[in-house]
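Here are my notes on this model, point by point. Please read them with the structure open.

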Amino acid sequence: MSKGESRKVLDLLQEYVTRPENLVRWRWSRNQLVLFDNRITQHYAVDNYDGLPRRLHRVTVAGDIPVGVDGKESYAIEGTPRTTRRSPRKRAATLRTGCVHMLGALLARPGRTPRLSGVLSSPPIGRAAPMPSTTPVETPTDTDGVSLSHGLKQRHLSMIALGGVIGAGLFVGSGAGIAAAGPSIVIAYALSGLLVMLVMRMLGEMSAAYPSSGSFSSHAERAIGPWAGFTAGWAFWVLLCTAVGLEGIGAAQIVHGWLPGTPEWAWVALFMVVFCGTNLAAVKNFGEFEFWFAALKVGAISLFLVLGVLALAGVLPGTDSPGGSNLTELLPNGGEGLVIGLLASVFAYGGLETVTIAAAESQDPVRGVARAVRTAMWRIALFYVGSMAVVVALVPWDSPQVVEDGPYVAALDRLGIPGAGQLMNVVVLVALLSAMNANIYGASRIGYSLVERGQGPAWLGRVSGGVPRVAVLVSSVFGFLCVLLSYWRPDDVFAWLLNMIGAVILVVWIFIAVSQLRLRRRLERETPERLAVRMWAFPWLTWVALAGMVTVFVLMAREPDTRVQLYSTGAMTLALAAVGYAWQRTRARR
């Protein structure tokens, strides 16, 4: 490379690295060195960097010193002045200069002679122009140079956001909560719903600023450190894979009730094959399945709410309005019943994270995330709190049918709807299959993202046809293994696995809150234009959310049924954190 060409490269990099955090990673792709920015909106490629480390994937900042990290060693600028007392403008300029010097040193290392393709042109101030290349490069890419596709459309994301909030837990697990809390279950769902709204707002803020298939795992790594991304990512991967098996078992039990001569495991296997196949084919298949699943769920719950409101108003033919006769005892089992209902309601809000994972493969990630987050409040209020209010107003809370048949079946029977039980079985089956499909997708993308960041085996992140097919297969196989364990070792291994994932979602929420606390200040200081979604009343509501999560942990420790889950999840989290920290220290020493 001539001196003039080298100068052009450094000039381009200097314009690109306006902040050290902007350079998320470098990736080797078919003899190209590819740079990615945080929004995953552009790539910057230089051809034929023979001999460069194949896993040189990011530039970070350690103690105000720019550090480039690959799979084997890191590169720091010794003597970079500390700038903690400088103004933000001077601090950013010093770090920017240090990063450019470091990148220039990498380009000039012996035995690493780059050859440029295309013509380099000076980018406009504050923004880097893509480096032309003879080989097309898409983002994000894997180690073989094949990218994830962007096949999800806005209608897919909109319906995933709308229907993702209606999980199987709403139909299946709410009966026990009503039996324990009585009419105060509405308060329990409202309180837990407020917490979930805050979590979604925090996650939406980060995902709109930094769209990534790793979602909160990527944010935790960026804000806290690689060990945090490792811990949150792998814990959530185990949760999703186990949930795939549980949802398959629940769906198979419903079909077995219709066709009692067929084995349940065969139905689970069939569902696994169908959804594994659809996820292997293309991301748009996942989007289409979720679109129609969500449409059915939204239609069913909306019809239920309409019928319930008409019955309560006394205008539904053939029914008499109960008025407020079922709401005379707000706390029939006292505060302890409310606590049990609150714990049941917190874990019913599963599946809300999927839209932020899926947004990275959409045509407009920022717009998709922003719209999903801004509509989260009314979706939670309508579908969860609203439906619980209708149920407890229509049916006595202590009716045995609420637990035995489910609250929605009990309510529809109260309205005289024929075949209410079978009708709700169809809705629950759709909800379970939807969750199964979404969890296979989510687990595969979380696994892929972990590998992309060097936190998992490379073979797991292989992409073909725009899909991380190995990750899809492994996630599905893990889920089916959980099903087999439920038959082979139901009382020890399977029970231990269920306890281990019991509080994982709370651990993930804590990582989200801490990450948002740290990244929000960084964004406001350095790139405020990325704040397309803002957390309300920052930082006070973030601290309120953290306090709420700690409260839920304390309540879990008080209850014998949830204490084991808390301790088991804590042990798994500590083990993952230890492994992640050891891995981080090992990479730092190389």
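1. Start with Tyr408. Leaving out residues up to four places away in sequence, Tyr408 touches Leu170, Phe171, Ser174, Ile301, Phe304, Ser387, Met388, Val391 and Met424. Keep in mind throughout that this is a predicted model.

2. Tyr408 also belongs to the largest nonpolar core, which has 154 residues. Phe171, Ile185, Phe236, Tyr408, Trp509, Ile512 and Met549 are the members that touch the most others.

3. Next, the charged pairs. The whole structure holds 7 salt bridges. One of them joins Arg520 to Glu205, with the closest N and O atoms 2.8 Å apart. Arg520 sits in helix H20 (residues 504–526) and Glu205 in helix H6 (residues 185–209), so this pair links parts that are 315 residues apart in sequence. Both Arg520 and Glu205 are buried.

4. Arg520 has another partner. Its side chain meets that of Glu524 in a salt bridge of 2.9 Å, N to O. Here both residues lie in helix H20, 4 residues apart, about one turn of the helix. In general, an α-helix has 3.6 residues a turn, so residues three or four places apart point the same way. Glu524 has 37%, so it counts as partly exposed. Through shared partners, salt bridges join Glu205, Arg520 and Glu524 into one network.

5. A separate entry is Arg453 with Glu221, a side-chain salt bridge of 2.4 Å, N to O. Arg453 is in the loop between helix H17 (420–452) and helix H18 (469–488), while Glu221 is in helix H7 (residues 216–223), so the pair ties together parts 232 residues apart in sequence. Arg453 is buried, at 11% relative accessible area. Glu221 is buried too, at 11% relative accessibility.

6. Now Ser149, in the loop between helix H2 (88–107) and helix H3 (154–164). What does Ser149 contact beyond its neighbours within four places in sequence? The partners are Val283, Glu361 and Gly466. Gly466 is 317 residues away in sequence, yet the C-alpha atoms are 4.5 Å apart. Ser149 is partly exposed because its relative accessibility is 24%.

7. Last, helix H10, residues 283–312. The 30 residues of H10 reach 43 Å from first C-alpha to last, close to the expected 44 Å. Just after H10, Gly314 has a positive phi of about 80 degrees.

Notes: Residues numbered from 1 in each chain as written. Predicted model: local features only at pLDDT ≥ 70, side-chain atom pairs only at ≥ 80, totals over all residues. Heavy atoms only, no water. Helix = DSSP H or I, 4+ residues; strand = E, 2+ residues; numbered from the N terminus. Buried < 20%, exposed > 50% of the residue type's maximum accessible area, 1.4 Å probe, protein only. Contact = heavy atoms within 4.5 Å. Expected span 1.5 Å × (residues − 1). Core = buried A, V, L, I, M, F, W, Y, C linked by side-chain atoms within 4.5 Å. Salt bridge = Lys/Arg side-chain N within 4 Å of Asp/Glu carboxyl O.
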